2 protein chains.
Amino acid sequence: MYVSHLECPKCNTKFNHKELNQLCTSCQAPLLVRYDLKAVKENFKKESLSSRSFNLWRYKELLPIEDEKNIVSLGEVITPLIKLEKLEKKLGLKNLYLKDEGFNPGGSFKSRGAAVGISKAKELNVEAFAMPTNGNAGAAWSIYAARADIKAYIVMPEDAPTITRNECVVSGAELFLVDGLISDAGKIVAKAINKYKFMDASTLKEPYRIEGKKTLAFEIAEQFSWELPDVILYPTGGGVGLIGIYKALLELKEIGFIKGKLPRLVAVQASNCAPIVKAFEEKKSESKFWENANTIAFGITVPKAIGDFLVLEAIYETNGCAIAISDEDILKYQELIAKEEGLFICPEGAATLAATEELYKNGWIKKDEKVVLLNTGSGLKYPNTVKSNPIILKVDEEINLEKDL
Amino acid sequence: MYVSHLECPKCNTKFNHKELNQLCTSCQAPLLVRYDLKAVKENFKKESLSSRSFNLWRYKELLPIEDEKNIVSLGEVITPLIKLEKLEKKLGLKNLYLKDEGFNPGGSFKSRGAAVGISKAKELNVEAFAMPTNGNAGAAWSIYAARADIKAYIVMPEDAPTITRNECVVSGAELFLVDGLISDAGKIVAKAINKYKFMDASTLKEPYRIEGKKTLAFEIAEQFSWELPDVILYPTGGGVGLIGIYKALLELKEIGFIKGKLPRLVAVQASNCAPIVKAFEEKKSESKFWENANTIAFGITVPKAIGDFLVLEAIYETNGCAIAISDEDILKYQELIAKEEGLFICPEGAATLAATEELYKNGWIKKDEKVVLLNTGSGLKYPNTVKSNPIILKVDEEINLEKDL
C-alpha cells in the first residue's frame, strides 16, 4: 500500500492513516488520503493491468487497503461505457457515452464508496457505524457491512426510495426514518455518534469513500485507452463522485498515466435543489443551504454538501460548469433514453442527458467533443418515476391492436 | 459465424438458419442451433479469449451472429462468481459459489437470451415480436428491442413484479396484462401471432434464446479456469437456462475446452409449481401441466414448460436431480444470504441455496464438492419479499437503542 498520510485540504494538517480519523480536528473539513505518488509511479505500470481482475481492485496501488484479505467484495465489475448512437443522431453530437453505474452491486454507484469504505473500516477494526443517507448509500453500506460483519445504523428520509429501506433491513442493518431531509437525518446521526461512539460514515466524514468513488475516473480513463474525454457530466448531491473523479485525474497525471488537459467536469443538479449551481453562478467557493429542497431525483436532494468547496474547486480548476435541470425535463429525458437506447436509468442520471442537450444548444459543448454521462444508478430503484396503465385481458380474450392501442 | 443449421431434437429434421424459423414444422418441438464444431475447434483457442471484450460476445465462435454490426448490446458484463465463505462455514460445505446474474442489464439473467435473441432477430430483419412472460423476460426483450428499433408486444400475468411492467412501458413496448398465469398469456400471444404475423418470441419458440443462456456455462467454465464444478443448481421455470448450460457443456467438450465428467445439473422448483420435480421422481421424460401453480418465486411459475423433455434429459444425462422448495424456505434463505453475505438476491435464486442445504444434509452433495448456485436476478426486482417497519423519528428526536430496538 502506498498511502503516506491523511491531509486536511483546508489547513494542510496531516493525520495518521493507521488510525481511525474522521474530520480535521482543527477546521472540521473532510480529510483526503495522500499517497507516495513517486513510489506509485515507479512501481505501477499500465501493462500490469492486463492480467488483473476486472473490477475496481485492479487499481490497488491507488487504493488505501494494506492487506488484501481485508477486501470486502460483492462481485464489483468494471461498469460498461455505452455509446449512445441513436441519441447522438437525435441531439447532433458525435461522441456521446454513458457510464452505467447501475451495474454495481445494489444497482448504484454508492457501492464504490462502500466497497472501499467498508474494506478500510474492516482493516481498522471498526465494529459499528452510523450514517444519514438519501437511500442508495445506506443500502450500499448495509450490504457491504453484512459481508464484513460490521453493524450498520442507517437514518434516511421517509421519502427515500422504498427499495433502499428493504436492502438495509434484509442485510441486517438497523434502519431509522426521519420525517425530514438528509440534513435532518445527519443531525440525528451526529447525536447517535456522540452517544454510542460509532464510526461516523456520513458523506466525507470518513476519508475512504472518496477513494472508492475515485475508481470511476480510473475506469473511464482506462476504457478510453488513457485518452480522456472532453466533458464528464455528474449528477451532484453530496458531490463525492466529482471530488473523487478530480482527485483520481490528478493522481493519474502525477503518475504519468494521462497527459494534457483534464475533462471539464460538470455538476448537474435539480432546479429545486441547486446550491452548487447557485454558488457557481455567483463565482463563490462555497455553497449556501438550499431552503425547501425537493426533487424527483431524490439522490441529489442535498441542501448543503459538506464537500461543496471541493466540488466547486473541481469545477473551476477543470473549466467545468454547473447546471440545474427541472424535474419535468428529468422525467422527459429518462423516457427518451429508455425508448431510444433501451437504457432504464435513474432520474439523477437522466438529468445529465438533459444538461448535455442544453449545453450543446448554448455552445458550451461542441459537436465533436467526447462527452460522458454518468448514470449513478439503475432505474429499477425508482419504480414510481414510470407510469404504466396496461390493458388487462381476461384469459379467453385476445389482443386487438386497432381497439387497444 | 460457424452455425451450420437448425435442428429438431425430436425428429432431427434440419432447418435453414438464414431464415426465420420457429418450432419444428413436423413435431412442434423447439429447434436447436447446430455449429460446425470441427471448424470451431480448429479456429477457436482459449488463448484468444485473453484479448477480448469482457462480456458474453467474447464467445463469438459459439454464437449465432453472422455480422458483428448486428450485435445489440446494453453493456453486458461477465457476471461475478462469488465465494460464499460465511455460508460455507454455516452449512458445512467447503466450496460454495454464487453466480450473480443480477449484474445483467435489467437485473436478470433473461438479458442473455434477449441479447442474442434480439441481435439475431435484427440480423433476420424482424420488425416486431410478441411474447408471454412472467415479467423479467418481457422486460429484458423490451429494452433490447428498444435499442434495436424492433417493436415488442408483451403479455404478462397481472401478478408479475410491477417493476417489470415499467421496464416494458418505459422502453416503448406495448404491454398487456392477463388475469391468469404465463400459460394463459401464452394462449393470447399465440392468437396475436396468428393474427398479426409477429415473430413468436415465446420461450423456445425461437431458437436463439438458448444460445444466449448458453453463455452462462461458458462463463462458469472460464471463471473456474476450465475445471468444472461438481454441481450447478438452477431455479427452473421454463428451464431454458438449464437446457442452455447443458448444450454449452457439450459444445465445450466437443471443441476440447473441457474434459471429464460434466457437472450434475439440479433443477430447483417451488413446491407449489414443481412439474419437473414430479416427472423426475416418476422417472418420466416429460412433465404434466401443474394445476393451481402459485409461488412467491414468480419467475418459476411455469406449469408446463415446452422444453421439459430437454430439461429432464440434461438432468438425467449429467446424473443430476430435481428438488422442490417451499415458499417459506425460499424467504428464509433469501434473508439468510443477505444477512450473512450481503447479497440481496431474488427468491428464485434463494431456492437454490435452500436446495443445497437439503441435498447436502441428505448426502447427495458431498462436503468437498464444488457447488455453484445460480442467482437468476437481483432482489431489487422483488421489493415485496422483504418486510420492513422502521421507526420514524421526528427531526428533533434522537436514536435510543435501548428503547428503539
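Predicted model: local features only at pLDDT ≥ 70, side-chain atom pairs only at ≥ 80, totals over all residues.
**Local features of chains A and B**

Helix 4 of chain B is mostly covered, with 13 of its 13 residues buried. Helix 4 of chain B is followed by Asp149(B), a residue whose phi is positive, near 60 degrees.

Elsewhere in chain B, Glu101(B) is placed in the loop between strand 5 (95-100) and helix 3 (110-123). The relative accessibility of Glu101(B) is 0%, and the residue therefore counts as buried, the cut-off for this class being under 20%. When neighbours within four places in sequence are left aside, the residues in contact with Glu101(B) include Gly107(B), Ser108(B), Phe109(B) and Arg112(B), together with Thr79(B) and Leu216(B); Leu374(B), Asn375(B), Thr376(B) and Gly377(B) are also in contact with Glu101(B).

In chain A, an open sheet of 3 strands is found, in which the strands follow the order 2-1-3 and the pairing is antiparallel. Strand 2 (14-15) and strand 3 (32-35) of chain A stand at the edges of this sheet, and because each has a single partner strand, one side of each is left without a neighbour in the sheet. Strand 1 of chain A, residues 3-7, runs antiparallel to strand 2 of chain A and is joined to that strand by 2 bridges. Within this pairing, Leu6(A) has Phe15(A), in strand 2 of chain A, as its bridge partner.

How values were computed. Residues numbered from 1 in each chain as written. Chains lettered and ligands numbered in written order. Heavy atoms only, no water. Buried < 20%, exposed > 50% of the residue type's maximum accessible area, 1.4 Å probe, protein only. Helix = DSSP H or I, 4+ residues; strand = E, 2+ residues; numbered from the N terminus. Contact = heavy atoms within 4.5 Å. Pairing = 2+ DSSP bridges.
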